[in-house]
Amino acid sequence: MKTFYRLNFPVAQFIKDNIDFDDFPRTFEPFADGTPRLWGVKYYPNEKILTQEFINFLHELDFHPPHTHIFMGPANSELFIHKDAPSDPRNAWAFNFSWGSESSEMRWYHINDSETPVVKHTLTNRYVDTWTADQCTLIDRAPMLLTPTLVRVDLAHHAANMGNTVRWSASVRDQHNWTWEEAVEFFKPWIA
Ligand SMILES: [Fe+2]
């Protein structure tokens, strides 16, 4: 099974024009182990990011995302490889959109046998299991676009910005308690 699917939603525009991210922090405290933290995430009200047309469409599907996650990735950098809440199927899927960089992608990995994660924790005590590229085998990659893409987030993955400008990405998640397979089944009518 694939790790991502482009979605043909009947919506003309998904993300608002000229969203103001002046309040988005551009530098972050390093991880507790001293390694730098380059990528940031902040939650915004849906109305600030998504068009009313798209919000109305989500409501028709009985999706009520509590907020929109915005990720900021600096030029020529990668987020660490991680899983979103491992073994929690509620976090198996998301829709992502990206803009601002001419070249960015999401990549998925198989974790090689017997490799154990490096636990990073932030100074605010958020723990995340991470892996280095040499502990993993690349299994799939998807250029990220301003087209909604259903992405799998319960496998090891990360995003990479290969461009020379900041990459912005919006991620919409919801209360549906679905595995990846259940999400793909639900979205079948819109899979391109
Ligand atoms: Fe993730």
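Leaving aside its neighbours within four places in sequence, which residues is Trp 93 in contact with?

Modeller: Please bear in mind that this is a predicted model, in which local features need pLDDT of at least 70 and side-chain atom pairs count only at pLDDT 80 or more, while totals for chains, interfaces and linings use all residues. Residues are numbered from 1 along each chain as its sequence is written.

Once neighbours within four places in sequence are left aside, Trp 93 is in contact with Leu 150, Val 151, Arg 152, Val 153, Trp 178, Trp 180 and Ala 183, where contact means that the C-beta atoms of two residues, placed from the backbone, lie within 7 Å. Trp 93 also belongs to the largest nonpolar core, which has 21 residues, and is one of those that touch the most other members, together with Leu 50, Met 106, Leu 150 and Val 151. A nonpolar core is here a set of buried Ala, Val, Leu, Ile, Met, Phe, Trp, Tyr and Cys residues joined through C-beta atoms within 7 Å; a residue is buried if 20 or more other C-beta atoms lie within 10 Å of its own, exposed if 12 or fewer, and partly exposed in between, with C-beta atoms placed from the backbone. Helix H2 (52-60), S6, S11 and strand S13 (167-172) each supply at least two residues of this core, and S6 gives the most, with three residues. Helices (H or I, at least four residues) and strands (E, at least two) are DSSP runs, numbered from the N terminus. Apart from this core lies another, of five residues, among them Ile 81, Trp 108, Trp 131 and Ala 156.

Strand S6 covers residues 93-99 and runs antiparallel to S11, to which four bridges join it; two strands pair if DSSP finds at least two bridges between them. Within these two strands, Asn 96 stands opposite Thr 149 in S11. Strand S11 (residues 149-152) is covered on both faces, with Thr 149 and Val 151 buried on one side and Leu 150 and Arg 152 buried on the other. S11 also pairs in the antiparallel sense with strand S1 (residues 4-6), over three bridges, and there Tyr 5 stands opposite Leu 150.

Of its 192 residues, 23% count as buried, and among contacts between residues at least 6 apart in sequence, 85% join residues at least 24 apart.
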